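Below is a report on helix packing, the nonpolar core, aromatic pairs and backbone details. Please look over the sequence and the model before reading on.

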Amino acid sequence: MVVRRPRQQELTPAELEIMQILWDIEKGFVNDVLALLPEPKPAYNTVSTIVRILEQKGYISHTPYGRSHEYYPIVDRESYTRDYMTNVLNNFFGGSASRMVSFLSSNKSISLEETDEILKLLQK
């Protein structure tokens, strides 16, 4: 079950990496997450600690199976992305989408196709 929650704390890079995996696999044990992390892999205890922090922050929950726990996201990727990007828009661009697009276009070469796609999205 995925629920829309009030504005969450921003994720650290390590937490986001774990969340990306959980969003992709939908549910899993710490060993499942660890297996999908790139080399060099962190220690099991490190991943377990990050998973518990994500649960404390309200991003994931778990189903207990004896001494093991199967974790699953309770904040979906789209909701997190929307909240994160709204925060970026408000904190760095004064809530102005045009300022953000201007910044992106001046700092990254945007193709004509991407420009057309952005315009179509903004017209909606």
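## Helix α4 against helix α5

Helix α4 (residues 77–93) and helix α5 (residues 97–107) have axes that come within 9 Å and cross at roughly 90 degrees. That makes α4 roughly perpendicular to α5. From α4, the contact uses Met85, Leu89, Phe92 and Phe93; from α5, it uses Ala97, Arg99, Met100 and Phe103. By class, this contact has seven nonpolar, no polar and one charged residues.

Some terms need cut-offs. Helices (H or I, at least four residues) and strands (E, at least two) are DSSP runs, numbered from the N terminus. Axes are lines fitted to C-alpha atoms, for helices over the stretch in contact, and angles run from 0 to 180 degrees between N-to-C directions. Angles under 35 degrees count as roughly parallel, over 145 as roughly antiparallel, 65 to 115 as roughly perpendicular and the rest as oblique. Contact means heavy atoms within 4.5 Å. Ala, Val, Leu, Ile, Met, Phe, Trp, Tyr, Cys and Pro count as nonpolar, Asp, Glu, Lys and Arg as charged, and the others, Gly among them, as polar.

## Basis of the model

This is a predicted model, in which local features need pLDDT of at least 70, side-chain atom pairs count only at pLDDT 80 or more, and totals for chains, interfaces and linings use all residues. Residues are numbered from 1 along each chain as its sequence is written, and side-chain values use heavy atoms, with hydrogens and water left out.

## Met100 in α5

Met100 lies in helix α5. At 17% relative accessibility, Met100 counts as buried (buried is under 20% relative accessible area, exposed over 50%, partly exposed in between; 1.4 Å probe, protein chains only). Not counting residues up to four places away in sequence, Met100 touches Met85, Leu89 and Phe93. Glu113 is 13 residues from Met100 along the chain, and their C-alpha atoms are separated by 18 Å.

## Helix α1 against helix α3

Ala14, Glu15, Ile18 and Met19 of α1 meet Val47, Ile50, Val51, Ile53 and Leu54 of α3. The class count for this contact is eight nonpolar, no polar and one charged residues.

Is Glu15 buried or exposed? At 6% relative accessibility, Glu15 counts as buried. Glu15 sits in helix α1 (residues 13–25). Leaving aside neighbours within four places in sequence, Glu15 contacts Glu10, Ile50, Ile53, Leu54 and Lys57.

## The largest nonpolar core

A nonpolar core is a set of buried Ala, Val, Leu, Ile, Met, Phe, Trp, Tyr and Cys residues joined through side-chain atoms within 4.5 Å. The largest one has 19 residues, of which Ile18, Met19, Val47, Val51, Leu54, Tyr59 and Ile60 touch the most other members. α1, α2 (30–36) and α3 each supply at least two residues of this core. The largest share, five residues, comes from α1.

Leaving aside neighbours within four places in sequence, Val47 is in contact with Ile18, Val30, Val33, Leu34, Leu37 and Pro42.

## Aromatic pairs

The structure holds five aromatic pairs. Rings of Phe, Tyr and Trp (its six-membered ring) pair if their centres lie within 6.5 Å; planes under 30 degrees apart count as stacked, over 60 as edge-to-face and the rest as tilted. Trp23 and Tyr80 form a tilted pair, 6.1 Å centre to centre, with 40 degrees between the planes. This pair links distant parts of the chain: Trp23 is in helix α1, Tyr80 is in helix α4, and they are 57 residues apart.

The rings of Tyr59 and Tyr80 have centres 5.8 Å apart and planes at 70 degrees, so this pair is edge-to-face. Tyr59 lies in the loop between α3 (44–56) and β1 (60–65), 21 residues from Tyr80 in helix α4. Tyr59 counts as buried at 0% relative accessibility. Tyr80 is buried too, with a relative accessible area of 9%. Trp23, Tyr59, Tyr80 and Tyr84 form one aromatic cluster.

## Backbone details

Glu39 and Pro40 are joined by a cis peptide bond, with omega about -10 degrees. Pro40 is found in the loop between α2 and α3.

Glu26 is not a glycine, yet it has a positive phi of about 75 degrees. Glu26 is in the loop between α1 and α2. At 58% relative accessibility, Glu26 counts as exposed.
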